[in-house]
Amino acid sequence: MGHVITTGLELVGTASSTRLNERLASDVRRAVELANSQDITPRERLHVKAMEFFSRGNLPKACETWQDILVDHPTDLLALKFSHDGFFYMGAQTRMRDSVARVLPHWKPHIPLSGYLKGMYSFGLMETRFYDQAEKVAMEGLAVTPDDAWSVHSVAHIYEMKAEVDKGLKFLEGTEKDWQISDMLASHNYWHWALYFIEKGQYEAALNVYDSQVFKRCKATGSMLDTVDASSMLYRLEMEGVSVKNRWRELLQETRPHTDDHVTLFNDLHFLMVSLGAKETRTSERLLEGLQELAKEPGDNQQHHLAGTIGVPMCQAMMEYNQGNYSRSVELLYPLRYCMVDVGGSDAQRDIFNQLLIHAAMKSENKHHQKLGRCLLVERDAVRPNSPLTDRLKQQALALHD
């Protein structure tokens, strides 16, 4: 199981591809060989099988195998967390929620780490729009484990999705001392903090969070979560008309080594934001061309199967927008708006693509697209009332078209 844990954690981190990293591919093969040559339990054998599926990009089969483990061993935290992450990467929101719900009754208070399941379940509830229940469950978790950055993160999402910006800022500030030492989620919680500032139009405050926390931690850890957060933040700020100066060039040093990885579409889209922002045309083209090639013969790699129908056109839409071809960007992005969830990530993270579509529609010379942009803003206002960002976009639409 030591091999499963160390290699599995590296795989699920999505910072390296077994296509390109021979050492990682060798680690996977070694674990499989050991499993085949030793007398191990059926549960351990399933763990190795799931890890091997994940290494090939077959996320559905990996998650299915982890779920099989949980049927007989509902307190297997490794299977639970790995499947939670796998469902997240696929945008499988309901399955992510239910995979925790089905085992939660087995996690009695005396079981070590049981309090942390509240945060995981809350996140699944939040991603399936049960905001009130999600907040209740997260607060229950924090009452037991105040340092649970995942529960904090879930609450931050809830306030983001409901545009309750001041509540979000107050909550993160009041709990910062508990979660700021978290290895994996501290930077992401600071990212949420910055999103509240962007929502309010307080761009200098957002940039200060980026410089002092998000990019600093991204550079230190090299983690993909920290990297995509930094990428997304700069892209959002630029869409708001904010100059981010040389920050794109600095961030490119972190993303360019991953141009050929193609582990997840979600990562690829964020790497592209950086190469476009840094005006590295060849890096952008290389990323797109690599994705197009993998889409031709995806094998059992679930992400590469989606590349041709979702990943490539989304990348192309971003490139067209960057070149000022706003009508073409709308034509590529609008048909995908209800299946973009398949690229993975959270609703809050994917909202950047909703914003991109709105900006492209507003800037398009096509009158129909301009009307579409206003329709999208009405939709946005209906589900997130009292959003300062939406109000600003509505004012921009009026200024552009009247």
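Which residues line the second largest cavity? I looked them up and noted Val 4, Gly 8, Leu 11, Val 12, His 47, Met 51, Phe 54, Trp 66 and Phe 82.

**Basis.** I am working with a predicted model, in which local features need pLDDT of at least 70 and side-chain atom pairs count only at pLDDT 80 or more, while totals for chains, interfaces and linings use all residues. Residues are numbered from 1 along each chain as its sequence is written, and side-chain values use heavy atoms, with hydrogens and water left out.

**Terms for spaces.** I work on a 1 Å grid over the protein atoms alone: a cavity is a set of points where a 1.4 Å probe fits but cannot get out, and a pocket is an open set with protein on both sides within 12 Å along at least five of seven lines. A lining residue has an atom within 4 Å of a point. Points are joined across faces, edges and corners, and a volume is the space filled by probe spheres set on the points.

**Second largest cavity.** I recorded a volume of about 40 Å³. Helices here are DSSP runs (H or I, at least four residues), as are strands (E, at least two), numbered from the N terminus. By class I noted 7 nonpolar, 2 polar and no charged residues; Ala, Val, Leu, Ile, Met, Phe, Trp, Tyr, Cys and Pro count as nonpolar, Asp, Glu, Lys and Arg as charged, and the others, Gly among them, as polar.

**Largest cavity.** I found 2 cavities of 30 Å³ or more, and the largest has a volume of about 80 Å³. Its lining includes Glu 160, Glu 199, Arg 236, Asp 351, Arg 380 and Arg 384. The class count is 3 nonpolar, 1 polar and 6 charged. I noted that α11 (186-200) gives the most, with 3 residues, and that α19 also supplies at least two.

**Largest pocket.** I recorded a volume of about 1,200 Å³. Of its 42 lining residues, Lys 81, Asp 85, Trp 150, Met 184 and Leu 185 are the closest to the centre. The elements giving two or more residues include α1 (2-12), α5 (77-90), α9 (149-161) and α13 (224-239). The largest share, 8 residues, comes from α5. I counted the classes as 22 nonpolar, 15 polar and 5 charged.

**Second largest pocket.** I recorded about 660 Å³. Among 19 lining residues, those closest to the centre are Arg 129, Asp 347, Asp 351, Asn 354 and Val 383. Both α19 (347-363) and α20 (367-383) supply at least two, and α19 gives the most with 6. The classes come to 9 nonpolar, 2 polar and 8 charged. Asp 351 lines this pocket and also the largest cavity.

**Whole chain.** I noted 21 helices and 0 strands. The C-alpha trace spans about 75 × 50 × 35 Å along its principal axes. Of the 402 residues, 58% count as buried (under 20% relative accessible area, 1.4 Å probe, protein chains only). Among contacts (heavy atoms within 4.5 Å) between residues at least 6 apart in sequence, 65% join residues at least 24 apart.

Methods: Buried means under 20% relative accessible area, exposed over 50%, partly exposed in between (1.4 Å probe, protein chains only).
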